[in-house]
Amino acid sequence: MMILSGDPPKSRVLTLVLVLIILALAATPFLFPGAKALNVAAKICVFAALVASYDLLLGYTGTVSFAHTMFYGIGSYAIAIALYGMGPNWAAVATGIVTGLPLAALLALAIGLFSLRVAAIFFAMITLAVASAFQVLASQLSWLTGGEDGRSFRLPELLRPGTVLIPKDMFGVEINGRILTYYLVFAGSALMILALLRVVNSPFGRVLQAIRENRFRAEALGFRTVFHLTYANCIAALVAASAGILNALWLRYAGPDTSLSFSIMLDILLMVVIGGMGTIYGAVIGATIFIVAQNYLQSLMGVASKAADEAGLPLLPGLLHPDRWLLWLGLLFIASVYFFPTGVVGRLRYGGGKKTAGPSH
Amino acid sequence: MTDLLTLSGVHTHIGRYHILQGIDLAVPEGQVTMLLGRNGAGKTTTLRTIIGLWQASKGEISLGGTRIESLATPDIARLGVGYVPESMAVFSDLTVKENLVLAARDGPLDDTQLDWIFGFFPALRRFWLSRAGSLSGGQKQMLSIARAIIEPRKLLLIDEPTKGLAPAIVMALIECLKEIKRKGATILLVEQNFFAARELGDSVLVMDNGTIVHRGEMAALAADVPLQERLLGLSLETHQ
């Protein structure tokens with residue numbers, strides 16, 4: 001229980017689902033051979049941490065920020081620029097980390113101190129403006145960032161696919177640098193999520209929840225809410241930048257589409273809503289559902305469409321045609337928000353009603 | 001008796017509305033001062049201006065000799081001002097325990113103080129680990145007051161604590177506030193329930209249209225029905 005900071009999933013079904021996801025992710029290189037499965041698993045790990053950090057903001061403080069991908073991008077670009085410029089060595093990895101993380105934290109501090117005093121809608125607009133400006137900047141500074149093409153780089157030798165650590169005859173799967181990188185991503189993401197669980201279950205986390213519920217009431221108790229919100233913004237930015245570092249290490253690339261795109265921000269929002277806001281666990285569930293659907297719905301629909309065609313059913317083959325996968329993905333999200341208004345975790349933890357753990361009179 | 005809190009010529013604007021129009025009042029140390037008045041007279045705005053949730057546009061507010069009108073709410077709270085807003089203001093998503101731990105701010109809960117609070121409000125002990133949002137209205141109000149007194153405060157600002165509560169709960173609240181008063185607390189209390197006002201009040205201030213229109217002893221106002229009708233538009237005896 002210590003590892004979960006005294007905040008267990010509180011539902012047998014949820015515990016089972018989480019254990020299954022974690023076991024599947026931990027055993028992906030052995031259970032699901034092939035590059036696609038490993039890519040999907042790595043993306044789930046990175047996004048689970050990224051979405052959990054956004055949950056700290058949205059779910060625990062009620063703050064809507066559109067700058068989260070910017071922090072994610074800072075981490076990605078820091079490691080990419082360092083490894084591209086300094087060559088594939090550990091000193092470059094360390095340089096990327098010690099440059100990217102403080103930069104993200106400082107920017108979050110500045111945005112927080114200047115913008116978190118204003119009403120929530122203005123804060124959201126300011127973060128949107130800053131994130132857009134950063135995206136333009138990354139695209140314009142092509143000598144540094146590679147512009148629209150981004151930066152591809154090579155990893156230190158230990159993390160390269162060609163580096164065989166354990167030959168195939170031991171576990172039936174060759175443990176190489178690529179798999180080591182996957183476990184680095186897996187362990188890094190798990191540590192970040194556990195650290196966030198610790199944060200939200202600390203006295204600081206309680207103050208954040210109080211601020212979310214009523215900022216004035218929290219101030220009347222003596223809490224300087226701007227500072228608390230700014231600290232939360234900095235922690236979320238640090239985790240987002242770390243997730244960006246892991247993503248860049250996995251992809252061996254950082255570019256506008258994979259690190260800074262506004263569509264990533266929308267994906268994060270969808271994942272946090274589907275999983276359940278203010279739960280941290282929701283990030284793992286939301287990221288898994290979203291990324292699995294994003295990657296396998298199209299091929300699943302192809303199989304279903306073919307089966308319907310062979311059975312001679314009318315309309316269905318056309319409706320289930322793989323080209324219409326985005327339509328079905330959209331319908332899936334509408335259905336999930338309709339049937340799980342508190343997210344999957346909220347539904348599993350508290351049933352259909354409100355959060356009631358005690359008596360009702 | 002020295003005055004713990006004084007307001008001199010305090011004006012408060014909310015948007016384009018001029019709510020407080022030159023408030024002068026003093027709250028003596030160790031006394032319960034009642035703040036009465038019709039709805040919309042400016043009572044809640046007065047409390048919110050003192051705690052800094054509304055910024056006074058003009059005038060001076062002094063707490064124990066320290067000027068506080070330009071301080072931020074958290075700083076005023078840290079000077080020892082407890083505020084109990086109206087409408088059962090608890091943090092619904094937190095448990096009863098977490099609500100009180102939050103109010104204790106810088107340290108662990110004082111067991112003696114906690115036992116003293118449980119003596120008045122046994123329900124809080126019973127629902128210690130329940131979410132505050134699941135408590136009844138009376139229990140939420142108990143928690144709201146408990147949160148203000150869990151730590152020693154120089155001054156308590158309490159806004160209509162008995163509003164909407166069952167008579168039995170009102171009696172428990174009055175007993176609790178009497179005990180707090182016996183311990184020497186200084187309270188500025190907005191209250192519409194005359195029974196509660198008469199039981200608790202040492203002195204009284206009556207507001208109308210953002211100004212103080214009467215100040216005196218609570219007992220004197222309670223005994224003077226024509227004065228009540230003139231100041232408040234009704235006899236308090238009929239408003240219990």
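Which element of chain A gives the largest share of the nonpolar patch? In this predicted model, the answer is α17(A), with four residues.

**The nonpolar patch**

Let's start with the surface of chain A. A:Leu313, A:Leu315, A:Leu316, A:Leu319, A:Leu327, A:Trp328, A:Leu331 and A:Ile334 form a nonpolar patch there, and together they have about 740 Å² of accessible area. Two helices of chain A, α16 (316-319) and α17 (325-339), are the elements that give two or more residues to this patch. One of the patch residues, A:Leu316, lies in helix α16 of chain A.

**Where chain A meets chain B**

Now for the interface. On one side, 24 residues of chain A are in contact with 28 residues of chain B. The area buried between the two chains is about 2,300 Å², and carbon and sulfur atoms give 61% of it. Within chain A, the residues that lose the most area to chain B are A:Glu213, A:Arg217 and A:Leu221, which together make up 26% of what that side buries.

The rule also finds charged and polar pairs across this interface, and the table gives their counts.

| Pairing between chain A and chain B | Count |
|---|---|
| Salt bridges | three salt bridges |
| Polar contacts (both residues at pLDDT 80 or more) | seven residue pairs |

On the side of chain A that touches chain B, the elements giving two or more residues are α10 (203-213) and α11 (215-220) of chain A. Of the elements on that side, α10(A) gives the most, with six residues. By residue type, this side of chain A divides into 10 nonpolar, seven polar and seven charged residues.

Technical notes. Residues numbered from 1 in each chain as written. Chains lettered and ligands numbered in written order. Predicted model: local features only at pLDDT ≥ 70, side-chain atom pairs only at ≥ 80, totals over all residues. Heavy atoms only, no water. Contact = heavy atoms within 4.5 Å. Buried area = accessible area lost by both parts, 1.4 Å probe. Salt bridge = Lys/Arg side-chain N within 4 Å of Asp/Glu carboxyl O. Polar contact = N/O pair within 3.5 Å; in protein donor to acceptor, adjacent residues only side chain to side chain. Nonpolar A, V, L, I, M, F, W, Y, C, P; charged D, E, K, R; others polar. Patch = residues over 30% accessible without salt bridge, like charges linked within 9 Å, V, L, I, M, F, W, Y side chains within 5 Å. Areas by Shrake-Rupley, 256 points an atom, 1.4 Å probe, with all protein chains shown as cover.
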